[in-house]
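Me: Can you walk me through some side chains in this one? I'll ask as I go.

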Amino acid sequence: MSRTAQNYEFQQWWNKQRHSFLDSSDDNPPSSSAAASSSSSSSSLAVDLTSSPTATTKGHHTRSARQLSWLWLLRFHKLTASVAWLTDSSISLLRTANRRISNHHRSPSAYSSSSRLNKIIRIFLILVLLLLFLELLAYRRGWHFTPPSVESAEALVERLYAKWLEIRADYLAPPLQYLANVCIVLFLIQSLDRAVLMLGCFWIKFRKLKPIPPVSYAAPDVEAAENYYPMVLVQIPMCNEREVYQQSIAAVCIQDWPRERMLVQVLDDSDDPDTQVLIKGEVQKWQQKGVQIVYRHRFVRTGYKAGNLRSAMSCDYLKDYEFVAIFDADFQPAPDFLKKTIPYFKGNDELGLVQTRWAFVNKDENLLTRLQNINLSFHFEVEQQVNGIFINFFGFNGTAGVWRIKALEDCGGWLDRTTVEDMDVAVRAHLSGWKFIYLNDVKCLCELPESYAAYKKQQHRWHSGPMQLFRLCFVDVLRSKLSVGKKANLILLFFLLRKLILPFYSFTLFCIILPLTMFLPEAELPAWVVCYVPGLMSILNILPAPRSFPFIVPYLLFENTMSVTKFNAMISGLFRLGSSYEWIVTKKLGRSSEADLIVLAEKESSGIHRSSSESGLDNLNKLEASKKTVKRKRNRLYRKELSLAFILLTAAARSLLTAQGIHFYFLLFQGISFLVVGLDLIGEQVS
């Protein structure tokens, strides 16, 4: 349907509604009985007004003049209240924006990797503003309804606008429509992939499919413990994470596993001396309790997390250990974690990895953590579980997993060639023939980043690393001994569709092509692409977290907002641009669940020497003293998001001229979403 036909239908509908309203007012005057009884008693009128604004007499609705006055007064009151709320919210928003703009200090290093994309977006913003000005001028002159031709144009401006219409229709709209069609096809393929994954998840739930361990460590014979329990190494890599080191070390040290069969390595890459002292004190405290725990610190922090793990695995005293469990500094495994994961390795010599699910202690902290919980719930409940059941391969999540040390050695160990060392080692182990198991019912508590700055850095690393890895391992995948089906799954689905195509089409289609179609109306995006299919996909994504259904609209808008960060990271990783190899630790706040705090408090209160208590008090005093020198946090502005917000809002204003309901509302709310994120109004707010 063309835009002109839409305008005509809208005008017909408006005229029909106006005539029906006027006819109803003329056909239903105040009845004589109602007029006669209006002066009888005020109480009957009050009852009539409170029950309904209309009175029914012989099947006809009648309204008195006083009732109509009250009705319009109530509507006016609601209107003024809405206007007052909007005014107050706008003033508050402008004050916050003004404060953050005035306090914003640009960091050159923060923008080096995305300066090119930022410049392109700014040029695009200037272009759409000029096009909006041109369309408003044409609308004022009446050219919007009767487009002029070059031959019939008289004035110079009219002739230029007619020429612009020819260029737009003959040279600009066809390639834009072609690009839109390509993105629509990619969008449908990716949506089909999501639907297939969801069907696989439903099948797993229906058939109750799950891995079954061949043995159990419920109640072993004490005398047989020497051979019954394998030697397990537990590693906790960390770097300047003073907020979370205590709870992670404590959660690992209270594992229900024989102490002589478990060794804990605290791999500290901190460059802050105060943090090093605190972690050393915590390790010494648990050593005095009889736990086999060692502290390792590297003076040269090469290779980031991968280099830290590789250095720790080179120790000579690890030759007798068979398995290694890895936990990031903010993870808190349950005491029976090892007893629930190690049994799957018994009698399964081809098994190289057991991955468990993440559970979040702060998922309800703010809107940002709620939206992250939706994404990660789908990732673990659907993607990891389906791939683990049907393919025996998935990307290692970097933590809350147990590796067979032989599998790590067989695939070359930890490499620091990308920023996703966990995915790197998983792909190489898969190419070497090792199988993986995912346990959806074993959960490990952790934290979600609560500030948008930390979340954005995390997403940049997670989306630039896979493209680095894809360039490096593409030839190895083709040369591997995997079946053709597994090679196709690894290249087409794991890398191309889910890591490259997804951020490409989501940013290009909804942030570039859709605004352009408002200014180049010869190219169109159907309403089902803009609204219906994305809405359906959002419903599928939110099913693993059913409590989050009230946030389905913010989730859809936020995913499109994050597409600019993911697209920029994907491009920088694919072509090695900017700081794509920069490894930044995600900032955590050290939140813990109430149940964990109770358990740890009980453990702390039993069997603690006075010396360890004094050591903990000294460390606490040092921590409080060092907190005074911590750099002050502040909210900041994000220029790319703000520029895209003005682009989308400008396109929404242009769509008003053609009365496109769905496109207008999508552009309006998506522009507001970019504006909220650009002003850093989502996530943690620092006063």
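Me: Is Arg242 buried or exposed?
Reply: Arg242 has a relative accessible area of 12%, so it is buried (under 20% relative accessible area; exposed is over 50%, partly exposed in between, with a 1.4 Å probe and protein chains only). This is a predicted model, where local features need pLDDT of at least 70, side-chain atom pairs count only at pLDDT 80 or more, and totals for chains, interfaces and linings use all residues. Residues are numbered from 1 along each chain as its sequence is written, and side-chain values use heavy atoms, with hydrogens and water left out.

Me: What does Arg242 form a salt bridge with?
Reply: Asp272, with the closest N and O atoms 2.5 Å apart. A salt bridge is a side-chain nitrogen of Lys or Arg within 4 Å of a carboxyl oxygen of Asp or Glu.

Me: How many salt bridges does the structure hold?
Reply: It holds 23. One of them joins Glu322 and Arg404, at 3.8 Å between the closest N and O atoms.

Me: Which of those two is buried, then?
Reply: Arg404 is, with a relative accessible area of 8%. Glu322 is at 37% relative accessibility, so it counts as partly exposed.

Me: What about Asp424 and Arg417, how far from N to O?
Reply: Their side chains meet in a salt bridge at 2.9 Å. Asp424 is buried at 0% relative accessibility, while Arg417, at 27%, is partly exposed.

Me: Which residues are linked in a network of salt bridges?
Reply: Glu135, Arg168, Glu522 and Arg654.
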